[in-house]
Amino acid sequence: VLTGIHLSSYGLDFPEGEKETLLDLIRAVDAVDGIRRIRLGSLEPGIITEEFAEAIAAMPKVCPHFHLSLQSGCDKTLKEMNRKYDTEKYRQAAATLRKYLPKVALTTDIIVGFPGETEEDFRESYAFAEEIGFAKIHVFPYSPKRGTPAAARKDQLLNAVKAERSHTLIQLSDKMAAEFLADAVGTDAEVLYERAVGEGIYEGHTTNYMKVHGRSEVDLTNRICKTHITRAEGEMLFGDAEV
């Protein structure tokens, strides 16, 4: 897993003449014998270019799961958060990834209740999330951080409003997650099994980060196995592993 505070900026602070990009790093890791999967941490949408997506798609070790930072689907709120992108740039990033990786899983973080967020702003953010169609949304109510410009604003929202908006967005996330999982039923997936969770039942993840409980009479711990997905329930897929 390649991760960092600002992963998209990897290499930009290297000395002149030695600068690298995240794509350079991914290619270097991809060339290492023995590494079977490469997963990326949270990325800014601006890094998703045609070149980046095409290169990633050409490296089968890279997992088709991308956590693209959003924070809000309302352009007014994004500007007030001082984010360096807007919804159109985000929309383009999502479309570019899906162009090269049709089964990609997109996940994100969204903050509700940022100071000054109106009901209309929230509905705009909700509609944008629904349009993109995430595999999962991590929802956070805005929490003031001392010393930040947002914390000093006088238009803070009531906790009850933030809680209501969180609940509404979590319901949308659950609905989209269920739809994403349902699409996998009846298909075969490569699952990296990590641990036993019961007699003959092992838990692992697909390349696009869906959690799976697979049945097998053989110990699957730390093995990648083709698994036929038979059903989806809650946030889990179930299937039969081939060994």
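1. Basis of the note. This is a predicted model, in which local features need pLDDT of at least 70 and side-chain atom pairs count only at pLDDT 80 or more, while totals for chains, interfaces and linings use all residues. Residues are numbered from 1 along each chain as its sequence is written, and side-chain values use heavy atoms, with hydrogens and water left out.

2. Helix H1. Helices (H or I, at least four residues) and strands (E, at least two) are DSSP runs, numbered from the N terminus. In helix H1, which spans residues 22–30, the residues Leu 22, Leu 23, Leu 25, Ile 26 and Val 29 are buried, a term that means under 20% relative accessible area with a 1.4 Å probe and protein chains only, whereas exposed means over 50% and partly exposed lies in between. Helix H2 (50–57) is included in what covers the buried residues of H1, contact being heavy atoms within 4.5 Å.

3. Two asparagines with positive phi. Most residues other than glycine have a negative phi. Asn 82, in the loop between helix H3 (75–80) and helix H4 (87–100), has a positive phi near 65°, and this residue is exposed, with a relative accessible area of 53%. Asn 222, in the loop between strand E6 (211–215) and strand E7 (223–233), also has a positive phi, near 65°, and counts as exposed at 65% relative accessibility.

4. Aromatic pairs. Rings of Phe, Tyr and Trp (its six-membered ring) pair if their centres lie within 6.5 Å, and planes under 30 degrees apart count as stacked, over 60 as edge-to-face and the rest as tilted. By this rule the count comes to 5 aromatic pairs. One of them is the edge-to-face pair of Tyr 90 and Phe 128, with 6.0 Å centre to centre and 70° between the planes. Tyr 90 lies in helix H4 and Phe 128 in helix H5 (residues 119–132), so the pair ties together parts that are 38 residues apart in sequence.

5. Tyr 90 is buried at 0% relative accessibility, and Phe 128 is buried at 4%. Tyr 90 also forms an edge-to-face pair with Phe 134, at 6.1 Å centre to centre and 65° between the planes. This second pair links distant parts of the chain, 44 residues apart, since Phe 134 is in the loop between H5 and strand E3 (136–141). Tyr 90, Phe 128 and Phe 134 form one aromatic cluster.

6. Charges over rings. A charge sits over a ring if NZ of Lys or CZ of Arg is within 6 Å of the ring centre and within 35 degrees of the ring normal. The charged end of Arg 123 sits over the ring of Tyr 126, 5.6 Å from its centre, and that of Arg 231 sits over the ring of Phe 238, 4.0 Å from its centre.

7. The barrel. A closed barrel of 5 strands runs E4-E5-E6-E8-E7, with mixed pairing, where two strands pair if DSSP finds at least two bridges between them. E7 and strand E8 (residues 236–241) pair in the antiparallel sense over 6 bridges, and Ile 229 stands opposite Gly 239 in E8.
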